[in-house]
Amino acid sequence: MSRVLTTCIYCGVGCNLYLRVRNGRVVGVLPSRSGPGEGKLCIKGWCAHEFVHSPQRLTKPLIRDSRGFNEVGWDEAIKLVAGRFLAIKEQYGSNSLAVLSSAKCTNEENYVLQKFTRAVLGTNNIDHCARLCHASTIVGLGTAFGSGAMTNSIAEIEEADVIFVIGSNTTEQHPLIARRILRAIRERGTKLIVADPRSIDLADFAEIYLQHKLGTDVSLINGMMNLILSEDLQDSEFIERRTRNFEAVKKVVERVPPEHAEKITGVPAEKISKAARLYAKAKRASIVYSMGITQHTTGTDNVLALANLAMMTGNVGKKGTGVNPLRGHNNVQGACDVGALPNVFPGYQGVTDCQAREKMQRVWNIAELDDKVGLTQLEMINSAYAGDLKALYVVGENPVVSHPDTGHVRESLRTLEFLVVQDIFLSETAKLANVVLPAASFAEKDGTFTSTERRVQRIRKAIEPIGHSKEDWRITGEIAERMGYKGLIYSSAEEIMDEIASVTPIYGGISWDRLEDSGLQWPCWDRSHPGTQFLHEAEFFSGLGNFVPVDFKPPAEEPDEEYPMMLTTGRLSFLFHTSTMTAKSPTLNIQVPEGYVEINPEDAKRLGIGEGERVRVKSRRGEIEIKPFVTPIVPQGTIFIPFHFVESPANALTNPAPDPKSKIPELKVCAVKVERVEQVASL
Ligand SMILES: Nc1nc2c(c(=O)[nH]1)N[C@H]1C(S)=C(S)[C@@H](COP(=O)(O)OP(=O)(O)OC[C@H]3O[C@@H](n4cnc5c(=O)[nH]c(N)nc54)[C@H](O)[C@@H]3O)O[C@H]1N2
Ligand SMILES: Nc1nc2c(c(=O)[nH]1)N[C@H]1C(S)=C(S)[C@@H](COP(=O)(O)OP(=O)(O)OC[C@H]3O[C@@H](n4cnc5c(=O)[nH]c(N)nc54)[C@H](O)[C@@H]3O)O[C@H]1N2
Ligand code: SF4
Ligand SMILES: [Mo]
């Protein structure tokens with residue numbers, strides 16, 4: 001038996017773990033004392049090996065003909081993909097092709113994919129699930145502070161005197177961060193404020209719990225800021241010295257006294273005031289947020305409001321403070337950092353910036369890179385629907401289940417001339433593909449993931465790739481070579497990191513030999529730089545911090561006569577997203593075998609719904625049948641559906657309406673109708 005130190009494949013906390021290997025098989029997991037988990041793992045971490053040897057793993061490339069999929073050799077598959085990409089590029093132009101990259105894959109693989117998109121396909125049409133996740137964080141915190149990343153570190157959460165958790169179900173989704181929040185409360189007397197429309201577990205530990213209505217965060221936060229200013233609790237010295245444009249925010253929040261915010265949010269003014277006082281009077285206050293803030297048509301505004309609140313009280317640039325978006329996937333931070341986005345090269349260098357373009361052209365040996373911002377995820381889907389996008393290369397994503405309005409997504413993908421899916425399983429999306437390419441999983445390759453706290457950490461190969469699967473970077477490199485580009489042939493993933501460091505200033509000092517112990521937190525400018533624990537200490541990335549006033553706007557859909565209830569969606573602790581991996585994990589899969597909808601007891605009574613029955617949930621986009629779970633966790637008028645279940649897909653219902661600034665869709669609010677399904681007696 002041997003053990004190999006690596007990083008967890010599931011969430012962005014980035015716990016370190018050992019894969020236990022016997023006779024070339026991964027047989028178990030042990031936690032590691034290194035990393036943010038401090039020798040602990042959540043249940044998903046403990047089961048991270050269980051999907052690896054699943055008999056359902058893809059082991060050979062597949063090509064579809066009129067009768068279905070046929071297994072083929074690599075040579076045939078690569079030849080077909082390269083040939084079709086070239087032909088489509090020639091016939092319709094570079095912008096008729098697009099790539100969905102993967103927050104499950106390594107930094108090295110994401111770098112290769114964005115380089116492939118830009119240098120070989122010739123377009124900036126590359127995006128990934130960050131668009132559905134923290135796109136509004138990147139724009140919002142980028143505008144306010146000059147960087148969209150988590151400002152402080154995981155360990156520092158325990159140094160805060162007050163923690164304000166808003167729109168993050170931390171115990172279920174980032175358990176090893178929740179553990180620190182709970183420990184701070186228990187051992188340091190840290191006070192917790194929770195704002196969430198559902199009374200999540202953390203609410204039980206909160207000094208103040210604000211149960212506001214879905215999509216009313218801006219009003220809630222503006223109300224808090226109003227109270228802070230009216231009681232003179234702001235940090236005037238910080239505002240004066242470190243920020244600009246404060247007066248504009250003051251003018252807007254002056255119009256939102258807590259009594260006004262009460263009318264919009266449904267939270268009593270006195271509670272809003274108490275929360276504001278507690279937050280503002282703390283020596284160090286930390287804001288922790290996630291999808292409850294970001295997945296709205298006002299996602300960027302929500303983030304800006306939180307940035308305003310933190311700057312107004314001087315809670316940025318110091319230990320134990322900050323605005324801390326918890327990043328979701330194991331490597332969504334890294335996929336953004338290395339440029340799997342339509343508007344930036346690695347290191348957030350704009351594709352429209354001609355100096356950045358010239359640098360990339362030189363390193364990548366390309367005469368001219370596209371200077372136009374590419375399509376975002378949802379724009380790709382719409383462009384396919386309109387017949388403009390002809391080919392899509394999907395790596396490690398499952399949009400048929402994870403994107404909003406899945407009916408439209410399916411139709412759009414069917415309209416494509418050529419769909420390639422590269423995954424470790426035959427996902428719902430892969431089932432629609434012309435060609436499926438089998439990838440090696442995290443247990444079978446070397447590379448790095450960047451965790452939510454900007455920490456670049458190693459993953460290490462424990463076993464050989466399953467079947468004929470290959471590392472993603474190798475597959476993409478072979479397609480590129482077949483298309484006539486030699487710049488994507490690497491001998492190892494380490495060599496790719498050296499190239500990343502050479503073109504990405506924030507990763508400038510990162511190389512694998514320096515990551516051995518506990519990784520490095522970017523920015524890490526050069527080989528002698530120790531990495532950065534928290535951002536914006538002496539000055540913001542943008543110099544001064546930018547206050548941006550935001551006004552409350554309602555969600556795109558509000559309840560009406562036809563659709564009188566509000567749906568919100570999210571996750572459960574045992575399952576991960578579209579369940580491709582957790583469903584292959586026997587321990588995890590049995591915990592919650594079936595999808596369900598949370599419905600308040602009063603609503604259930606009114607609609608005549610009892611446990612054990614089925615309900616039909618309808619929105620303007622689709623309908624599903626699902627099992628009800630009658631629970632006071634949701635307030636009256638609001639239902640919640642976890643989006644993990646293919647048989648009762650929440651995303652058949654959700655609204656793709658985008659935030660105009662970041663293009664994130666409104667996955668957290670839409671209007672629905674719930675009805676009891678009349679049981680037809682079986683014969
Ligand atoms: N077990 C597990 N862990 C995961 C994942 C997983 O699938 N499973 N996914 C990972 C990924 S990619 C991500 S992005 C993170 C997501 O982590 P979270 O954001 O914590 O997860 P969600 O369940 O999507 O939503 C969080 C909370 O938002 C609340 N909410 C809904 N509407 C609103 C609103 O209008 N305002 C506010 N303030 N709150 C609202 C919901 O009630 C919910 O409690 O989790 C990561 N970790
Ligand atoms: N209704 C609703 N919808 C949502 C959300 C919500 O809160 N509500 N949240 C959104 C958010 S925040 C996110 S992040 C997205 C997530 O959406 P996706 O990223 O599309 O969902 P996953 O199921 O995580 O898909 C990851 C895929 O990668 C594959 N994979 C794993 N490892 C590898 C590898 O090494 N190589 C390759 N090639 N493939 C691999 C897995 O098998 C899986 O098919 O969902 C979004 N959708
Ligand atoms: S908290 Fe996240 S990174 Fe840590 S073990 Fe659980 S899923 Fe893995
Ligand atoms: Mo996410």
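Predicted model: local features only at pLDDT ≥ 70, side-chain atom pairs only at ≥ 80, totals over all residues.
A residue is counted as lying around a ligand if one of its heavy atoms is within 4 Å of that ligand.

The protein as a whole is divided into domain 1 (2–46), domain 2 (80–131 + 330–413 + 455–463 + 474–510), domain 3 (135–325) and domain 4 (565–682). The centres of domain 2 and domain 3, taken over C-alpha atoms, are separated by 34 Å.

Ligand 1 is surrounded by 35 residues, of which Asp196, Gly215, Asp217, Arg571 and Leu575 are the closest. Because domain 3 (135–325) and domain 4 (565–682) both contribute residues to its shell, ligand 1 lies between these two domains. At the level of secondary structure, at least two residues of the shell come from each of helix H5 (170–173), helix H12 (291–294) and strand S23 (565–570). The shell of ligand 1 contains eleven nonpolar, 17 polar and seven charged residues. Several polar contacts involve oxygen atoms of ligand 1. An N or O atom in the side chain of arginine 571 is 2.7 Å from one such oxygen atom, and a polar backbone atom of methionine 291 is 2.8 Å from an oxygen atom of the ligand. For arginine 198, a polar side-chain atom lies at 3.3 Å from an oxygen atom of ligand 1. Taken alone, ligand 1 exposes 910 Å², and the protein buries 100% of that area.

Around ligand 2 there are 32 residues, and those that come nearest are Ser402, Asp423, Asp472, Thr578 and Asn651. Domain 2 (80–131 + 330–413 + 455–463 + 474–510) and domain 4 (565–682) each supply at least three residues of this shell. Its composition is 13 nonpolar, twelve polar and seven charged residues. Nitrogen atoms of ligand 2 are approached by polar side-chain atoms of threonine 569, at 2.9 Å, and of glutamine 295, at 3.1 Å. A backbone N or O atom of alanine 440 lies 3.4 Å from an oxygen atom of ligand 2. Ligand 2 taken alone exposes 920 Å², of which the protein buries 99%.

Note on methods: Residues numbered from 1 in each chain as written. Chains lettered and ligands numbered in written order. Heavy atoms only, no water. Polar contact = N/O pair within 3.5 Å; in protein donor to acceptor, adjacent residues only side chain to side chain. Areas by Shrake-Rupley, 256 points an atom, 1.4 Å probe, with all protein chains shown as cover. Nonpolar A, V, L, I, M, F, W, Y, C, P; charged D, E, K, R; others polar. Domains from an automatic or database assignment. Helix = DSSP H or I, 4+ residues; strand = E, 2+ residues; numbered from the N terminus.
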